[in-house]
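Subject: Structure for your review

Dear colleague,

Please find below the structure that I am handing over to you.

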Amino acid sequence: MRIEITGTGRPGLASDVLSILEKRKLPVRGVEVAAHRTYFDLPALELQSFFGLTDDLLALKGVSGVREIQLLPAECQRMQFEALLNALSDPLIAVDMSANVVSANDAAIRAFSINAERLLNRVGLSELLGVEAGACLEARLKSCSGGEAAILGKPYLVDVLPVVENYAGSTMDAHGAVFIFRSASSLGQRIYSIEKREISVDTGLIGKSEAMKNVKKLIERFSSVNAPLLITGETGTGKELVARACHRLSDRSEKPFLALNCAALPESLAESELFGYAAGAFSGAQRNGKPGLLELADGGTIFLDEIGEMSLYLQAKLLRFLQDGSFIRIGGKAETRVDIRVLAATHRDLPHMVSDRTFREDLYYRLNVLSIHIPPLREREEDIPELAVYFSRQAAVQVGTEFSGISSDAMDCLCSFRWPGNARQMENLIFRSITLADTAILDKYDLPDELRSPSKKSPPQEIHANPLLLAEHRSTGEIYAERIEQTEKQMLAELYMHFPSTRKLAAQLGLSHSAVAKKLQKFGIAKNS
């Protein structure tokens, strides 16, 4: 039984209490003193003897109360502390200054396959975790600096928190430390949780056209398949939204979704971001190394945007990873294996790049196991009104203004525009219009000039009839077709002088690279024409 004695704290009171316990032959297993309260752990005290002991104690001068308690304060604090440590998902190990393990939480016992009974013997780190890992952690204990350590072949980022008794000025006396181990996947999960945008229960895509319905069906069907997915479409069509929807509806939805824009980084930086690097891999690298996105996204999904811009060297490394799910950090020796689903997206014509040998054919077939093509906005005009209202409401919230709707004239302008930049262009132009609008209803005159112009397409060139052709009495259809062909040839020749490559010209005309190449070949147009 454990009891609490409340008193005035007079000198000699504790001695008098111990005398009474001695007379009653009650052994004491533990004593704690706090303020005007004294706590005793009396294992031999039974309930029938407790009332007689209470009378004896209350008869002492300075004792105001005696009651039974369940736990001593230190026992209660220890149990609460252990429950707190075991609730943490990161492995924790506490050691003394001789690197003997004092305690470990449940996460550490599971992650490092520790025999819990051995912790009672205060074994050393090297004996518990292996010589190499123990030596590394002992070095970090002496320097009180964190870094990376490999335990059971798996890398962890380690934080070292010294157990400090006193702190005065710049000196402190440490009596041990607590090691906190963070795996790359747990760090990736934290990153994903901070920036997580997957809140919808469905695909989250806007549009009721047949094309978008088909895209949504494919997303729902492909989300449960653990295979690479290639998403194609023009810039601004929402390829990342499709990738996020596939992740959100998959079994990996609670795991990280991390993205890498292959066009935004040079080759060397993209390689280190994707695969990570070992300690001292190159000059300027972090001293302890750095995990890459593949490690951070373990168990989840990685999205490689603009995969067509990836260099051939990185394509070869990515192909190696897709084959067996393993890779080696830059400058490292150990092979790391992760469980990741790869989603890729591009606006480029990958089959043509394969024929040009600017994209690996074997990688193309590895990525193109499943595919989704997002049509441009001009091919699904029925989605424009819904998108316009959605973007307007979003813009009004961001700007802090009211939004009641879009006038019919403004909607006509939005629906007749070709939107070469697709939904991203619409979102930006509507944000600008809502910002400048004076009323809650978005009017035609709130829109930019390019949306309000009478003709939203390139003005047709004037075609003059050739009297010689008319004299031949050919059909009007034949004359019309020939004139169209002549006009097309003239326009292509003029534009090719300003955009002297088939890719640049194709981008300006909104056509595919192969279609423009065929037209130039047909009309015999060269760069010097």
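Not counting residues up to four places away in sequence, which residues does Ser 126 touch? In this predicted model, they are Val 131, Gly 134, Ala 135 and Glu 138. Ser 126 itself is found in helix α5, which covers residues 125–129. Its relative accessibility is 25%, so Ser 126 counts as partly exposed. Between Ser 126 and Val 101 there are 9.9 Å in space, C-alpha to C-alpha, and the two are 25 residues apart in sequence.

The chain as a whole

The protein chain has 529 residues, of which 42% count as buried. Its secondary structure consists of 22 helices and 20 strands. Taking contacts between residues at least 6 apart in sequence, 64% join residues at least 24 apart.

Helix α21 (residues 502–509) and helix α22 (residues 513–523) pack with their axes 8 Å apart, at an angle of about 110°. α21 is therefore roughly perpendicular to α22. On the α21 side, the contact is made by Thr 502, Arg 503, Leu 505 and Ala 506. On the α22 side, the residues are His 513, Val 516, Ala 517 and Leu 520. Sorted by class, this contact of α21 with α22 has five nonpolar, two polar and one charged residues.

Lys 518 also has its place in helix α22. Lys 518 has a relative accessible area of 60%, and is therefore exposed. In sequence, Lys 518 and Thr 502 are 16 residues apart; in space, they are 9.8 Å apart, C-alpha to C-alpha.

Helix α10 and the residue after it

Helix α10 spans residues 267–275, and its buried residues are Ala 270, Glu 271, Ser 272, Leu 274 and Phe 275. As background, an α-helix has 3.6 residues a turn, so residues three or four places apart point the same way. Just after α10 comes Gly 276, with a positive phi of about 75°.

Positive phi outside glycine

Lys 25 has a phi near 55°, a positive value in a residue other than glycine. Lys 25 lies in the loop between α1 (13–23) and β2 (30–34). With a relative accessible area of 73%, Lys 25 is exposed.

Ala 99 is not a glycine either, and has a positive phi of about 65°. The loop that holds Ala 99 runs between β5 (92–95) and β6 (101–104). Is Ala 99 buried or exposed? Its relative accessibility is 3%, so Ala 99 counts as buried.

A buried arginine

Arg 380 is found in the loop between β18 (370–374) and α15 (384–399). The relative accessible area of Arg 380 is 3%, which means that the residue is buried. Leaving aside neighbours within four places in sequence, Arg 380 is in contact with Ser 209, Met 212, Thr 237, Ile 374, Pro 375 and Leu 387.

Aromatic rings

How many aromatic pairs does a search of the whole structure find? The search finds 11. A pair of aromatic rings is described by the distance of the centres and the angle of the planes. For Phe 321 and Phe 327, the ring centres are 6.2 Å apart and the planes are at 70°, so the pair is edge-to-face. Phe 321 is buried, with a relative accessible area of 3%. Phe 327 counts as buried as well, at 5% relative accessibility. Elsewhere, ring pairs link Phe 112, Tyr 156, Phe 179 and Phe 181 into a cluster.

Cysteines

A disulfide is a covalent bond between the sulfur atoms of two cysteines. The count of disulfides in this model comes to zero. Cys 415 counts as partly exposed, at 22% relative accessibility. Cys 136 also counts as partly exposed, with a relative accessibility of 24%.

Yours sincerely,
A colleague

Note on methods:
Residues are numbered from 1 along each chain as its sequence is written. This is a predicted model: local features need pLDDT of at least 70, side-chain atom pairs count only at pLDDT 80 or more; totals for chains, interfaces and linings use all residues. Side-chain values use heavy atoms; hydrogens and water are left out. A disulfide is a pair of cysteine sulfur atoms within 2.5 Å. Buried means under 20% relative accessible area, exposed over 50%, partly exposed in between (1.4 Å probe, protein chains only). Axes are lines fitted to C-alpha atoms, for helices over the stretch in contact, and angles run from 0 to 180 degrees between N-to-C directions. Helices (H or I, at least four residues) and strands (E, at least two) are DSSP runs, numbered from the N terminus. Angles under 35 degrees count as roughly parallel, over 145 as roughly antiparallel, 65 to 115 as roughly perpendicular and the rest as oblique. Contact means heavy atoms within 4.5 Å. Ala, Val, Leu, Ile, Met, Phe, Trp, Tyr, Cys and Pro count as nonpolar, Asp, Glu, Lys and Arg as charged, and the others, Gly among them, as polar. Rings of Phe, Tyr and Trp (its six-membered ring) pair if their centres lie within 6.5 Å; planes under 30 degrees apart count as stacked, over 60 as edge-to-face and the rest as tilted.
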